[in-house]
Amino acid sequence: MKNMTLAYVAQVVDGQLIIPEGKEALKDKEIQGAVNDNRKIEKDFLFIPMVGARVDGHDFIEDAFSKGALASLSERRLNNPSGPYIIVEDTKIALKQIATAYRMQLKIPVIGVIGSVGKTSTKEMITSVLETKYKVLKTEGNFNNEIGLPLTICRIKPEHQVAVVEMGISDFGEMHRLGDIAKPDYVVMTNIGQCHLEFLKDRDGILRAKTEVFEHMPSNGVVILNGDDDKLIGAETFGQKKIFYGLNGQEISATDVEADGITGTKAVITIGSDSFEVIIPLPGTHNVMNGLAAAAVGRELGLSVSDIKRGLENAGTIAGRNNIIKVREVTIIDDCYNANPVSMKASIQVLGKASGRTIAVLGDMGELGSDERKLHYEIGQSLEENHIGYVFTVGELSEEINKSLSQKNSSCMAHHYKTVEGMLEDLIPIIRSGDTILVKASHFMNFSTVVEAIKNKVG
């Protein structure tokens, strides 16, 4: 991390640098990275111990030194440590201060990806497009909060030419803090959905909270917006250029969208005066929208149409995010990392395009506020419209899905369970060759265990 010497880091965090006797010269040595996990320490990294509910990172400071850490932060004095350390009041705040100072000296473009749904998938697709020309640093997984974002910034190395960072919030003020760290040159907004209604109350509140980021962009920054979203079409920036993408004739648009089974989607993409056919290797119209956002970013960063097409056709998924898993003759749609009404309906639509029997294993969606039961109940209509054969629901709120199907006298074979274990006892025995199974719920439901149970049974 250029210019991030121990002496300068101590100044940035308003901390006290303590160096063992005889090693005073280390104060002018630069840290090469910063992590809060001692297992990820590399030579000359800064270790940032954090106090959690069950684990105190300070217990691993010596282990970090043994693995090559140059120094550590600490919220207390240490007894005869193996290397230098900086005493700070709060290591979490110090991490943000370090990342903010480092970001200020970076010259590469930073792209922030925000929105209610599809941030991680869009981030992955933008990266796939940009990697056809640039060396790209991207957020790992969905490390998009006030710890994950600064850790991502600290991973930027001299060889990186672009950074793509995901920025996630759940309350007002958080985007101000993230924006102040990332200071994105470009911002992609995927949509304004129904996430975090518990705190942000309604979609207008979500819009206000997410657009806080515009205040932290340069005046010549670029905002790339989903032009099919009724809230984003009128979003006000702070003078930054706006580019719209969508399915309704925007400057970056798609037509002739057609499912290529459940493993891909065909479309004709138009970028200004150029058009090309593409097969995105991900299912669903929502992934075409993600691809349009990536195409818009690619054009702004000087990529050719052929580069953009190649990047879109090489796009991939990560575990828990519309990840298609084939085990023998059974297909699993692993989309269990998170869920909200918009993403739930999109995944059901993908499942509906599968051949053979279709099975939806669905769990509770979190942070939906006072309308949470109604929003779960409405999922039943999507299941019916897409002619899903079997529905297995787990959780108190997901019982509303089951009620919806029962009251509609739906042809879906619906079953509800209080526990995952009880559900698996009935699900596992009925799985047969040719089935396609969607596994979808909010992260707290821990539905990754369901995916593993199905894989183990089939394999």
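## Exercises on sheets and helices

Y245 stands opposite I252 in β12. The model is a predicted one, in which local features need pLDDT of at least 70, side-chain atom pairs count only at pLDDT 80 or more, and totals for chains, interfaces and linings use all residues. Residues are numbered from 1 along each chain as its sequence is written, and side-chain values use heavy atoms, with hydrogens and water left out.

**Exercise 1.** Find in which sense β11 and β12 pair, and over how many bridges.

*Solution.* Step 1: locate strand β11 at residues 241-246 and strand β12 at residues 252-260. Strands (E, at least two residues) and helices (H or I, at least four) are DSSP runs, numbered from the N terminus. Step 2: read the pairing, which is parallel over 2 bridges; two strands pair if DSSP finds at least two bridges between them.

**Exercise 2.** Work out which strands stand at the edges of the sheet of 9 strands.

*Solution.* Step 1: write down the order of this open sheet, β7-β8-β6-β9-β10-β11-β12-β13-β14, with mixed pairing. Step 2: look at β7 (136-138) and β14 (274-280); each has a single partner strand, so one side of each lacks a neighbour in the sheet.

**Exercise 3.** Describe how α4 and α9 cross.

*Solution.* Step 1: take α4 as residues 119-130 and α9 as residues 285-300; their axes come within 8 Å and cross at roughly 45°. Axes are lines fitted to C-alpha atoms, for helices over the stretch in contact, and angles run from 0 to 180 degrees between N-to-C directions. Step 2: name the arrangement. Angles under 35 degrees count as roughly parallel, over 145 as roughly antiparallel, 65 to 115 as roughly perpendicular and the rest as oblique. The two helices α4 and α9 are therefore oblique to each other. Step 3: list who meets whom, with contact meaning heavy atoms within 4.5 Å. From α4, S121, T122, M125, I126, V129 and L130 meet N287, N290, G291, A293, A294, V297 and G298 of α9. Step 4: sort the residues of this contact, which gives 7 nonpolar, 6 polar and no charged. Here Ala, Val, Leu, Ile, Met, Phe, Trp, Tyr, Cys and Pro count as nonpolar, Asp, Glu, Lys and Arg as charged, and the others, Gly among them, as polar.

**Exercise 4.** Name the residues that join α3 to α6.

*Solution.* Step 1: find α3 (residues 91-105) and α6 (residues 174-182), whose axes come within 7 Å. Step 2: pick out K96, A99, T100 and R103 of α3, and D180, I181 and A182 of α6. Step 3: sort them by class into 3 nonpolar, 1 polar and 3 charged residues.
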